[in-house]
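Visitor: I would like to learn how to read the salt bridges and the overall fold of a protein model. Could you take me through them step by step?

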Amino acid sequence: MNKVRDNAAEAVADIPDGASLAVGGFGLSGVPEVLIRALHEQGATRLEVVSNNCGVDGRGLGILLAAGRIARVTGSYVGENKEFARQYLAGELEVELVPQGTLAERLRAGGAGIPAFYTPAGVGTQVAGGGLPWRYAPDGTVAVASPPKETRDFAGRTHILEHAVTTDYALVRAWRGDRHGNLVFRRAAANFNPLAAMAGRVTVAEVEELVEPGELYPDEVHLPGIYVQRVVRLSPQEAADKQIEKRTVRA
């Protein structure tokens, strides 16, 4: 039951080329920076990433993206990464854009063992009808487009069928965790982390504070250890390394 690994490098050492990854974080909040850097140093390539966004230039998943390690991204926001836009428009990266709430539910459903679900989000758009550019050709034409989705009416309202997401691995960041893998997330840093952790077959969590089993009050646990296979304790310096994506202050 002791799921703690000595370091991040050991925790991600077996992630192979072509693996699928669910990665927590929203912007730069709650991003598993240490695990991402360890994976960059490990060298795995052709990765298929499921994450709300792909980091920013030089931070988060942006590190793997800049190194050409990511082949496909499923996400809901792409606006803060110039290299992401360049690779997508140049046909170097396949991108599946998903409504944000739908992405969250696809991850949760994968962790809950629900294969698919219906939602009204996206009805009447290319999300439902197909045709969203997943991959461009070098000449700017669409090489791969999203397929149309099955629809069904419930109580007089049209819904589309969305499939759950499960991945080979998940990388997440938590505020506190114990050796059994029980995790507590702090405020906005929770975001997609619990959902990503549920979707991964092997989930690796970096934690800012590691405690012994029994020290976490059961009612404060956000994610039970059944979803977590590996835990990495961050150093104080690593835990404190938190950047703000867009600093906003009063005039």
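**Salt bridges and fold**

Guide: Let us begin with one residue of this predicted model: E94 is buried, with a relative accessible area of 15%, which falls under the 20% limit used for that class.

Visitor: Which residue forms a salt bridge with E94, and how far apart are the closest N and O atoms?

Guide: A salt bridge is read from the distance between a side-chain nitrogen of Lys or Arg and a carboxyl oxygen of Asp or Glu, which has to be within 4 Å. Here the partner of E94 is R135, and the closest N and O atoms are 3.6 Å apart. Because E94 belongs to strand 5 (residues 94–97) and R135 to strand 7 (residues 133–136), the pair ties together parts that are 41 residues apart in sequence. R135 counts as partly exposed, at 22% relative accessibility.

Visitor: Which residues are linked with E94 and R135 in a network of salt bridges?

Guide: The network links R72, E96 and R106 with E94 and R135. In total, the structure holds 20 salt bridges.

Visitor: What separates R108 and E105 in helix 5?

Guide: These two residues are three apart in helix 5 (residues 100–112), a separation of about one helical turn.

Visitor: Are E206 and R173 buried or exposed?

Guide: Both E206 and R173 are buried. Their side chains form a salt bridge with an N to O distance of 3.1 Å, and since E206 lies in strand 13 (residues 200–211) while R173 lies in strand 11 (residues 167–178), the pair ties together parts that are 33 residues apart in sequence.

Visitor: How many helices and strands does the protein chain have, and why is it as compact as a globular protein of that length?

Guide: The protein chain has eight helices and 14 strands. Its radius of gyration is 18 Å, close to the 18 Å that the globule rule gives for 251 residues, so the chain is as compact as a globular protein of that length. Buried residues account for 48% of the 251 residues, and among contacts between residues at least 6 apart in sequence, 73% join residues at least 24 apart.

Visitor: How far apart are the mean positions of the positive and negative charges?

Guide: For the 27 positive and 30 negative charges of the protein chain, the mean positions are 3 Å apart.

Terms used. Residues numbered from 1 in each chain as written. Predicted model: local features only at pLDDT ≥ 70, side-chain atom pairs only at ≥ 80, totals over all residues. Heavy atoms only, no water. Helix = DSSP H or I, 4+ residues; strand = E, 2+ residues; numbered from the N terminus. Rg over C-alpha atoms; globule rule 2.2 N^0.38 Å. Buried < 20%, exposed > 50% of the residue type's maximum accessible area, 1.4 Å probe, protein only. Contact = heavy atoms within 4.5 Å. Lys, Arg positive; Asp, Glu negative; His and termini not counted. Charge placed at Lys NZ, Arg CZ, Asp CG, Glu CD.
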